[in-house]
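Hi there,

Here is the structure I promised to pass on. Have a look at it first, and then read on for what turned up.

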Amino acid sequence: MFINEAAALVIMGSLTTGDVILAAPIETLQRECGRDRLAYDFYDNMLPNDLRTRGVDNIDQLPDYPYRDDALLIWNAINAWVGEYVAVYYGSDSDVTGDYELKAWATELTVSGKIKGFKPITTRSQLVTVVTAIIFNASAQHAAVNFPQFSIMTYAPFSAGTGGAPAPAWSAGQTQASWSQMLPSRLAAQEQILLFHILGGVYYRTLGQYLDNAFPYPPVLLDPAITSPGGPLARFRSALAGVESTIQQRNLARARRMNTCCRAVSRRAPISSRQGSSMTLAR
């Protein structure tokens, strides 16, 4: 919530970073971001549903799609962990429907939060899916769209949000000087370097580590039913280690072809760079 509030004030406010590095009027960007947020359907955008809707879930038809293959490994590991966690505290579906705090939370997301597609949670399996989606979006999915900002978008000529001059109607007769005029201003380039260095360069904590934010960062999960040796948390961490090893091995064998397509942070899924998966386990 902190970084979202900061983004609204420092990145998407008038005369702030977004107003400098992006060509469209800031009022237009604010309106379009608001529209897209309200149009984002919670269930439709769950990873398996999104892959199926876009027709990229079939391995036979699309055998080479690292984003899909690696993301599903992480999704499945999270899903298994959440399933075990939920089972400790909810013995049946009636325990879910009888949880008045859970009901109030779902209502608030629907009414006040205006989360499209969100609905009452009535079963344990539904609760597991909802929590899995939240954890996945806040960890691996965020990593896939956030961390490439550091390596790709800090070089303003490659990924400029604005230009210094309109593009010419034809290439004949152009000079290095005329092409250079199209580059963003020095101020815009500097702002872009600063912004994406911060956004894409900070790794907070790895998935599976649940610690307090205050030094000395004690663990916040204390229930032995969750944290005991060989228990749900230990199995989750072991599964993540296996996922990481699998992705590393896959990256060694994957074709390496440059692809300048990047993921739009809307309904479209990331297009792999073919240099290996950018999926990480950092939050």
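Is Y85 buried, partly exposed or exposed? Its relative accessibility is 28%, so Y85 counts as partly exposed. Please keep in mind that this is a predicted model.

Y85 has an aromatic partner, Y89: the ring centres are 5.2 Å apart and the planes stand at 50°, so the pair is tilted. Both tyrosines lie in helix α5, 4 residues apart, which is about one turn of the helix. Y89 is partly exposed too, because its relative accessibility is 40%. Together with W81, Y210 and F236, Y85 and Y89 form one aromatic cluster.

In total there are 12 aromatic pairs. One of them joins W75 and F136 edge-to-face, at 5.5 Å centre to centre and with 70° between the planes. This pair links distant parts of the chain: W75 is in helix α5 (residues 66-89) and F136 in helix α8, 61 residues apart. W75 and F136 are both buried.

A ring also meets a charge here: the charged end of K119 sits over the ring of Y43, 4.6 Å from its centre.

Two more residues to look at:

- T17 is in helix α2 (residues 17-21). With 12% relative accessibility, T17 counts as buried. Leaving out residues up to four places away in sequence, T17 touches V10, I11, E191 and L195.
- V145 is in helix α8 (residues 124-146) and, at 24% relative accessibility, is partly exposed. V145 and G200 are 55 residues apart in sequence, and their C-alpha atoms are 9.2 Å apart in space.

Best wishes

Key. Residues are numbered from 1 along each chain as its sequence is written. This is a predicted model: local features need pLDDT of at least 70, side-chain atom pairs count only at pLDDT 80 or more; totals for chains, interfaces and linings use all residues. Side-chain values use heavy atoms; hydrogens and water are left out. Helices (H or I, at least four residues) and strands (E, at least two) are DSSP runs, numbered from the N terminus. Buried means under 20% relative accessible area, exposed over 50%, partly exposed in between (1.4 Å probe, protein chains only). Contact means heavy atoms within 4.5 Å. Rings of Phe, Tyr and Trp (its six-membered ring) pair if their centres lie within 6.5 Å; planes under 30 degrees apart count as stacked, over 60 as edge-to-face and the rest as tilted. A charge sits over a ring if NZ of Lys or CZ of Arg is within 6 Å of the ring centre and within 35 degrees of the ring normal.
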